[in-house]
Amino acid sequence: MATGKINVSVENIFPLIKKFLYSDHEIFLRELISNATDATLKLKHLTSIGEAKVEYGNPKIEIKVDKEGKKIHIIDQGLGMTEGEVQKYINEVAFSGAEEFLDKYKDSAKDSGIIGHFGLGFYSAFMVAEKVEIITKSYKEEPAAHWTCDGSPNFTLVKADKEERGTEIILHVAEDSTEFLEDAKISELLTKYNKFMPIPIKFGTKTETLPKPEGAKEEDPAPTKEVENIINNPTPAWTKQPSELKEEDYKGFYRELYPTQFEEPLFNIHLNVDYPFNLTGILYFPKLTNDLNVQKDKIQLYQNQVFVTDNVEGIVPEFLTMLRGVIDSPDIPLNVSRSYLQADGAVKKISSYITRKVGDKLASLFKNDREEFEAKWNDIKIVIEYGMLSEDKFFEKADKFALYPTVDEAYFTFEELQEKLKANQTDKDDKLVILYASDKVAQHSYIEAAKAKGYEVLLLDSPIISHLMQKLETSKENISFARVDADHLDNLIKKEEEQISKLSDEEKETLKKDLEETIKDKGYTIQLEAMDSSASPFVITEPEFMRRMKEMQQSGGGGMFGMGNMPEMYNLIVNTNHELVSEILNTKTAKKKERLISQSLDLARLSKGLLKGEELTNFIKRSYEMVK
Ligand code: ADP
Ligand code: MG
């Protein structure tokens, strides 16, 4: 029998492990199953190159919970360890056998999928166990070994009589960790971390319903059978080649990933590179709503089919965190902080590769099936607009397929839009003015007025669109966006010919005074304009600049500091060429004049959705009086 001290430089590494090494105690199971998987994959490799002359068979890993005995067993049929190997790989902490194996079999084993890296995984067992046993039998002709350690640096190592090849790890669960003796808890962990690991993992049995035998009666119960409960799918879709997969397989895998999600994904992107870094995965575009925050944390990060985290911040660009799916890469360093991660060269390359692939996929969808792309636009626009705002490379690409829908549901790219609007919406300073609405219902009267002049009106309603307009205005030449209610149309798109005012300067002076007297407390800036006599007499507008800054502030950053809290600013435009306005001017009785002004103002407010509460009640009362 050998006894001795585990060779570590720090005398008391165990309390350290328990407290600091992993903040998440539950990962012990992931680590031990990873080791069992590695041991199996190593054996597979050694048999395939003829170095191990044993039958590989159909090995699996078994997890058993002995609640009474307060033990968890992890049993594999992998290559096992000799006594000497236990000495070397277990007693010399922080000496990673996985790394040594990969080093030794560099060329032949680089695609073997071996997980281990840091040489501390095994000791994570002590986060939940007060005592750990290893009973292991190597594939080599040597007796089995039995290692025991109670959490102090002292261990014992003796021969054992285990006959079958492989390793059994026994955890004697500590008092403070008995939650891990619950089947439900272990099930939860297995589904979270091991659902797609490459070697079948058995946890107990389950009842399977068999087809009824022929001639069985309606009321006879279907026969059942107890079968092994295999908790994982060892060959998930992302490990296959895109050519092996059909649309249905991608959808099926989505359901496997998100069993509670009923909505189907819009489309998927299969990631697959092995140079200059290794990365596979499948990303899905889900249907998105306008709520940006609830949609994150849906991409799962794996390393060699072991779940690591669902927080991919720093690994994929922010705008893509709204997607779903899986990324698997052994090249992402995870033992570093997130801020370091963002600065890491390999991670930067991964991030820009993913961005490029997403851009390419969208471009090809746009090119190959524009109709379909248009139909999906409203569900994907947030991601694309967000990407255009945050990644210049993506902007360049997306500028060719990003769509700008009109209120009548015609979709234009920016270039098409420029072409379409050029003739009618270029102002006298040669600037192209793009009119838009953010709400078809609320801005109905303004939209109609613009259409009456033959203008196109876009419907731009995503929450970050004001930021994108700002960016387009600065990156393109001579264009500007204006919401249909930002001013009256002749001011929004100024043409050479000016409308002639029916009123003299003197009359205007009087009119202005009359208006101010009646509506002085309402906070509108009055603006007299000579417009078409058919245009509305009173119109309320909301200047573009202030409103947009305010919106940008509210949707985060970009705008001017403090704007979000500014009150709304409205102008009242009075059309001096309208008959009603002449009537106001020419009315002699003060009472009637006041009524005409108030009623007109209320109508303008009504059409902008600003008339509410008591003022609305009064307006309705007054109107009934008038229709009598
Ligand atoms: P890593 O997996 O990063 O190499 P670990 O601390 O998890 O580090 O494991 C240390 C070493 O112990 C492994 O590299 C392997 O050689 C050996 N080992 C651990 N578990 C097993 C097992 N179930 N079967 C065979 N060898 C194992
Ligand atoms: Mg390991």
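Which residues line the second largest cavity? The close-ups below start there and then move on to other parts of this predicted model.

**View 1. The second largest cavity and its lining.** This cavity has a volume of about 40 Å³. Its lining is made up of Trp377, Lys381, Glu385, Leu403, Pro405, Leu459, Leu460, Asp461, Ser462 and Ile465. Helix H10 (residues 370–390) gives the largest share of that lining, with three residues. By type, the lining residues divide into six nonpolar, one polar and three charged.

**View 2. The largest cavity.** Searching the whole structure turns up two cavities of 30 Å³ or more, and the largest holds about 80 Å³ of space. It is lined by 10 residues, of which Met546, Arg547, Lys550, Pro567 and Met569 are the closest to its centre. Six residues of this lining are nonpolar and four are charged, with no polar ones.

**View 3. A hairpin built from strands E10 and E11.** Here you can follow strand E10 (residues 267–273) into strand E11 (residues 279–285) by way of a hairpin of five residues. The two strands run antiparallel and are joined by seven bridges. Look for Ile269, which stands opposite Leu283 in E11. Strand E10 is mostly covered, with six of its seven residues buried.

View 4. The structure holds 22 aromatic pairs, and two of them are shown here. Tyr193 belongs to helix H6 (residues 183–193) and Phe307 to strand E13 (residues 306–309), so their contact ties together parts that are 114 residues apart in sequence. Tyr193 and Phe307 are both buried.

**View 5. The aromatic cluster around the Tyr193 and Phe307 pair.** Tyr193 and Phe307 belong to one aromatic cluster together with Phe196, Trp238, Phe253 and Tyr302.

**View 6. Charged ends over aromatic rings.** Two spots are worth a visit here. At one, the charged end of Arg324 sits over the ring of Tyr258, 5.8 Å from the ring centre. At the other, Lys471 places its charged end over the ring of Phe395, 5.0 Å from the centre of that ring.

Technical notes. Residues are numbered from 1 along each chain as its sequence is written. Chains are lettered from A and ligands numbered from 1 in the order in which they are written. This is a predicted model: local features need pLDDT of at least 70, side-chain atom pairs count only at pLDDT 80 or more; totals for chains, interfaces and linings use all residues. Side-chain values use heavy atoms; hydrogens and water are left out. Buried means under 20% relative accessible area, exposed over 50%, partly exposed in between (1.4 Å probe, protein chains only). Helices (H or I, at least four residues) and strands (E, at least two) are DSSP runs, numbered from the N terminus. Two strands pair if DSSP finds at least two bridges between them. On a 1 Å grid over the protein atoms alone, a cavity is a set of points where a 1.4 Å probe fits but cannot get out, and a pocket is an open set with protein on both sides within 12 Å along at least five of seven lines; lining residues have an atom within 4 Å of a point. Grid points are joined across faces, edges and corners, and a volume is the space filled by probe spheres set on the points. Ala, Val, Leu, Ile, Met, Phe, Trp, Tyr, Cys and Pro count as nonpolar, Asp, Glu, Lys and Arg as charged, and the others, Gly among them, as polar. Rings of Phe, Tyr and Trp (its six-membered ring) pair if their centres lie within 6.5 Å; planes under 30 degrees apart count as stacked, over 60 as edge-to-face and the rest as tilted. A charge sits over a ring if NZ of Lys or CZ of Arg is within 6 Å of the ring centre and within 35 degrees of the ring normal.
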